[in-house]
Amino acid sequence: MKKLFALCLLPLCLLLCACEADAPQQEEAQAELLIGFSQLGSESSWRIGNTLSIQKAAQEHGINLMYDNALQKQENQIAQLRSFIAYQVDLIVFSPIVEDGWDNVLTEARHAGIPVILMDRFINTADDSLYTAYIGADFYMEGVRAADYLLEKAGQMSKETINIVEISGTEDATPTLHRYQGFHDKVDRDPRFHTLETISGDFLRSKGKECMEYLLDTYGDEIDVLYSHNDGMTLGAIDVIQSYGLVPGKDIIIITVDGEQAAIDLLKEGKINCVVECTPLLGDLVMNMAEKLKAGESIPRTTHPQEGVFTEFDDLSTLPPRGY
Ligand code: GZL
């Protein structure tokens, strides 16, 4: 009855059935594994690639996935987590849109005996028992990699003062907080660099465009460098830079994060100078951990995927397609 009731609570949930497994006992074990996956939205190519990665990996691992999209609203994610609890899923996987406000619903998941994996973004809590593992990027190091490129580039810029504008991601989101900190911990120590302003573009291309219009109207040709927290906002900013008659990658040095194909293409064209990689392809990592949990094995508390950085100084001719 509870499950029937829960089903009524999940109008938007897409239940992807387990694909065939080789041996019957394996099929039965995996078919029992039901993951409740709450995705925060569809705000960027990165996010869409991340969703597809999770769905593809679930199918390939023969794991049932109950998927829901919170459309950029924390209250939707909390409601989805409560639905997963009511449905008694085996595991909850979600990407918390912001770091605060999860203690109550995750306490309910713990009381229901449902483990939680944080995927892609982190939470701010005093109670570490509320989640089993974090699988996602080291965003602080992404910020450091962005700064390392700029320090190398500055050596070629015959300028005593280098003015930076920054378009940051969703406020209070883990990537925003840590990409900011990793970058500024390094850059702010160097007297050549001056950050004119940091404003949030919420990881949206449309807001990246609005932010760049404001920054160019406010600071004009004072701007030497744009540090943008994701490729979507960068693409919006580049449209504006060009509409103002400026040459992206030359008049304004551009550093971006994610590594989606469109950004790599602009890097090859010289319109972007540095692309810090943040892979959305976390599906296999998540499903492998889910299978270990189901088998009663322990899993690492934190798992970071391998990530790198692509710059104008690299040979990009052999770079394979990005897949997102
Ligand atoms: C990073 C991820 C961010 C991406 C953006 O892991 O949370 O959210 O950088 C996405 O493109 O919107």
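Asn230 has a side-chain N or O atom 2.9 Å from a ligand oxygen atom, and for Asp258 the distance from a polar side-chain atom to a ligand oxygen is 2.6 Å. In total, 13 residues surround the ligand, and the closest are Glu43, Asp120, Arg121, Arg179 and Asp258; a residue is near the ligand if one of its heavy atoms lies within 4 Å of it.

A quick word on what you're looking at: this is a predicted model, where local features need pLDDT of at least 70, side-chain atom pairs count only at pLDDT 80 or more, and totals for chains, interfaces and linings use all residues. Residues are numbered from 1 along each chain as its sequence is written, and side-chain values use heavy atoms, with hydrogens and water left out.

Now the helix pairs. Helices are DSSP runs (H or I, at least four residues) numbered from the N terminus, and their axes are lines fitted to C-alpha atoms over the stretch in contact, with angles from 0 to 180 degrees between N-to-C directions.

| Helix pair | Angle | Axis distance |
|---|---|---|
| H4 (residues 74-86) and H5 (residues 103-111) | about 10° | 10 Å |
| H6 (residues 139-154) and H7 (residues 174-187) | roughly 40° | within 7 Å |
| H8 (residues 205-219) and H9 (residues 231-243) | about 45° | 7 Å |

With its angle of about 45°, H8 is oblique to H9. H4 and H5, on the other hand, are roughly parallel to each other; angles under 35 degrees count as roughly parallel, over 145 as roughly antiparallel, 65 to 115 as roughly perpendicular and the rest as oblique.

Between H4 and H5, the contact (heavy atoms within 4.5 Å) involves Ile78, Leu81, Arg82 and Ile85 from H4, plus Asn104, Val105, Leu106, Glu108 and Ala109 from H5. That splits into 6 nonpolar, 1 polar and 2 charged residues.

H6 and H7 cross in a right-handed way, with the near helix turned clockwise from the far one by less than a right angle. Among the H6 residues in this contact are Phe139, Tyr140 and Leu151, while H7 brings residues including His178, Arg179 and Phe183. By class, there are 10 nonpolar, 5 polar and 5 charged residues.

The crossing of H8 and H9 is right-handed too. Here H8 residues including Arg205, Met212 and Leu216 meet H9 residues including Met233, Asp239 and Ile241.

Definitions and conventions:
Helix = DSSP H or I, 4+ residues; strand = E, 2+ residues; numbered from the N terminus. Polar contact = N/O pair within 3.5 Å; in protein donor to acceptor, adjacent residues only side chain to side chain. Nonpolar A, V, L, I, M, F, W, Y, C, P; charged D, E, K, R; others polar.
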